[in-house]
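Trainee: I would like a close look at one part of this model. Please take me through the aromatic rings and what they link.

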Amino acid sequence: MAKIDMAKTNNAKLDTTKVKEVLAQGVKVVAEVKAVSAGAKVGLAVVGVLQVVFAFLAFWDLARRDADEVVGPKPVWIPVILVNWIGPAAYYLFGIRHQR
């Protein structure tokens, strides 16, 4: 019975050590994020907002457009548009039937 208690104690020590390692890694990540300049953070935020707007406009256009004006079935374009930057661009370039 004493062996079982020792095993539980050893596992508890291992778990505590693992938690401390994970927390130390988290502190390092936070320090790296703080090291990024304010300009870089603003730039990343702007790029992120533009990507969301681009996808929103593609979804909005897909919802308003008739099925005969879209290349392929409309539901197929939903997951395609979710691919960052490439999906909305592909929809606008290849998913709309253009009148020529």
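Mentor: Start with a term. Helices here are DSSP runs of H or I with at least four residues, numbered from the N terminus. Keep in mind that the model is predicted.

Now a place to begin. Val-83 sits in the loop between helix H3 (74–81) and helix H4 (86–95). Val-83 is partly exposed, at 42% relative accessible area. Ala-55 is 28 residues away from Val-83 in sequence, yet their C-alpha atoms are 8.7 Å apart in space.

Next, the rings. The whole structure holds four aromatic pairs. One of them joins Phe-54 and Tyr-92: the ring centres are 5.9 Å apart and the planes meet at 20°, so this pair is stacked. The cut-off for stacked is under 30 degrees. Phe-54 belongs to helix H2 (residues 38–64) and Tyr-92 to helix H4, so the pair ties together parts 38 residues apart in sequence.

How open are these two residues? Phe-54 is partly exposed, with a relative accessible area of 22%. Tyr-92 is partly exposed too, at 27%.

Tyr-92 has another partner. Its ring centre lies 5.4 Å from that of Tyr-91, and the planes are at 65°, so this pair is edge-to-face. Here the planes must be over 60 degrees apart. Tyr-91 is buried, with a relative accessible area of 0%. Buried means under 20%, so Tyr-91 qualifies.

Now join the pieces. Ring pairs link Phe-54, Trp-77, Trp-85, Tyr-91 and Tyr-92 into a cluster.

Definitions and conventions
Residues are numbered from 1 along each chain as its sequence is written. This is a predicted model: local features need pLDDT of at least 70, side-chain atom pairs count only at pLDDT 80 or more; totals for chains, interfaces and linings use all residues. Side-chain values use heavy atoms; hydrogens and water are left out. Helices (H or I, at least four residues) and strands (E, at least two) are DSSP runs, numbered from the N terminus. Buried means under 20% relative accessible area, exposed over 50%, partly exposed in between (1.4 Å probe, protein chains only). Rings of Phe, Tyr and Trp (its six-membered ring) pair if their centres lie within 6.5 Å; planes under 30 degrees apart count as stacked, over 60 as edge-to-face and the rest as tilted.
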